[in-house]
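Please look through the structure shown here, with attention to its aromatic side chains and to the packing of its helices. A short report follows.

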Amino acid sequence: MNERSEPATGTAEPLAGPAQMDPATEAFVTHRNLLFTVAYEMLGSAADAEDVLQETWLRWMTVDLTQVHDQRAYLVRITTRRSLDRLRTMKRRKEAYVGPWLPEPLLTTPDVAENLELAESVSMALMLVLETLSPTERAVFVLREVFDVSYDEIATTVSKTPAAVRQIAHRARQHVQARRPREAISPSQAQAALESLRRALETSDLQGLLDVLAPDVVLISDGGGVKQAAPRPITGAEKAARFIVGGLGKAQVTLTGDPTVVNGNPALVLRVNGEIDGVIAVQVEDARITGLYYVRNPRKLTRIASETPLTLR
């Protein structure tokens, strides 16, 4: 059945209680966490992912379920197409964004961290790599590499031939592999590096920072024009460390870092004089931090107070 062929006339909301759910609502609720995960990995924005889910729900309410053989696949198809539409809108927003753009961090449930495949797929480091793909490449990569969707189903979703999808998938895979961490690390290794970072930050210990940062570390800070941040990525351990310590010294503030799990990976919630200032996520290789991702934009910190469930199935 062709998802685009159905008229978009539904206006209902999926708010009925479990005992009152009709089949369409039940199917949507069953797969909601999966659909959110697909949209978030496509967009890097929880707010936009929620908007896509609303659009998916409205579209789903117009579908004749007797013509749908695989409800999960059909819902993923709608969600992906809506995400592709929104990616084009977001591109214009990002071009006007003040300073570097980072994905919106999510406080995630323990099972996300335990699922290494899922945790890597939503890590800040990989999400940034996905930003360098074209919208179609991103959709194909996410559906194939993360959610194991068949080439034929992806072809239907992105309106390409299966042969073209295979070529796109191969190109996207090579692109991502060239930019992702060279080797997987255990959560304990990441936590150890993050703990060293926390101690150095809290004590403004320049040497402590230099010890935990890789020589070619990249620091990206996202203030969105609302909070102060570096206008461009900072490369190099000494430059990054001096930027951090220098900023703290000038402000003369008390900084504390609370360990947490963001996007399935160890992270810190940083507080300045007791008030939340931002979230810092890291990429770790060979026991040292190669990527520092500091989200300060308050509009992107709404998902760190309560856990967001994510799933690959």
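## Charges over aromatic rings

In this predicted model, arginine 144 is placed over the face of tyrosine 151, at 4.2 Å from the ring centre. Lysine 94 likewise lies over the face of an aromatic ring, that of tryptophan 101, at 4.0 Å from the ring centre.

## Aromatic pairs

A search of the whole structure gives 3 aromatic pairs. One of them joins phenylalanine 28 and tryptophan 57 in an edge-to-face arrangement, with 5.2 Å from centre to centre and 65 degrees between the planes. This pair links distant parts of the chain, since phenylalanine 28 belongs to helix H1 (residues 23-43) and tryptophan 57 to helix H2 (residues 46-60), 29 residues apart. Both phenylalanine 28 and tryptophan 57 are buried.

The rings of tryptophan 60 and tyrosine 74 also form a pair, which counts as tilted because their planes stand at 50 degrees, with the centres 5.8 Å apart. Here too distant parts of the chain are linked, with tryptophan 60 in helix H2 and tyrosine 74 in helix H3 (residues 71-95), 14 residues apart. Tryptophan 60 and tyrosine 74 are both buried.

## Packing of H3 and H7

The axes of H3 and helix H7 (residues 135-146) come within 10 Å and cross at roughly 150 degrees; because angles over 145 degrees count as roughly antiparallel, H3 and H7 are therefore roughly antiparallel to each other. Their crossing is right-handed. On the H3 side the contact is made by Val76, Thr80, Leu84 and Leu87, and on the H7 side by Pro135, Thr136, Ala139 and Leu143.

Notes:
Residues are numbered from 1 along each chain as its sequence is written. This is a predicted model: local features need pLDDT of at least 70, side-chain atom pairs count only at pLDDT 80 or more; totals for chains, interfaces and linings use all residues. Side-chain values use heavy atoms; hydrogens and water are left out. Rings of Phe, Tyr and Trp (its six-membered ring) pair if their centres lie within 6.5 Å; planes under 30 degrees apart count as stacked, over 60 as edge-to-face and the rest as tilted. Helices (H or I, at least four residues) and strands (E, at least two) are DSSP runs, numbered from the N terminus. Buried means under 20% relative accessible area, exposed over 50%, partly exposed in between (1.4 Å probe, protein chains only). A charge sits over a ring if NZ of Lys or CZ of Arg is within 6 Å of the ring centre and within 35 degrees of the ring normal. Axes are lines fitted to C-alpha atoms, for helices over the stretch in contact, and angles run from 0 to 180 degrees between N-to-C directions. Angles under 35 degrees count as roughly parallel, over 145 as roughly antiparallel, 65 to 115 as roughly perpendicular and the rest as oblique. A crossing is left-handed if the near helix is turned anticlockwise from the far one by less than a right angle, and right-handed if clockwise. Contact means heavy atoms within 4.5 Å.
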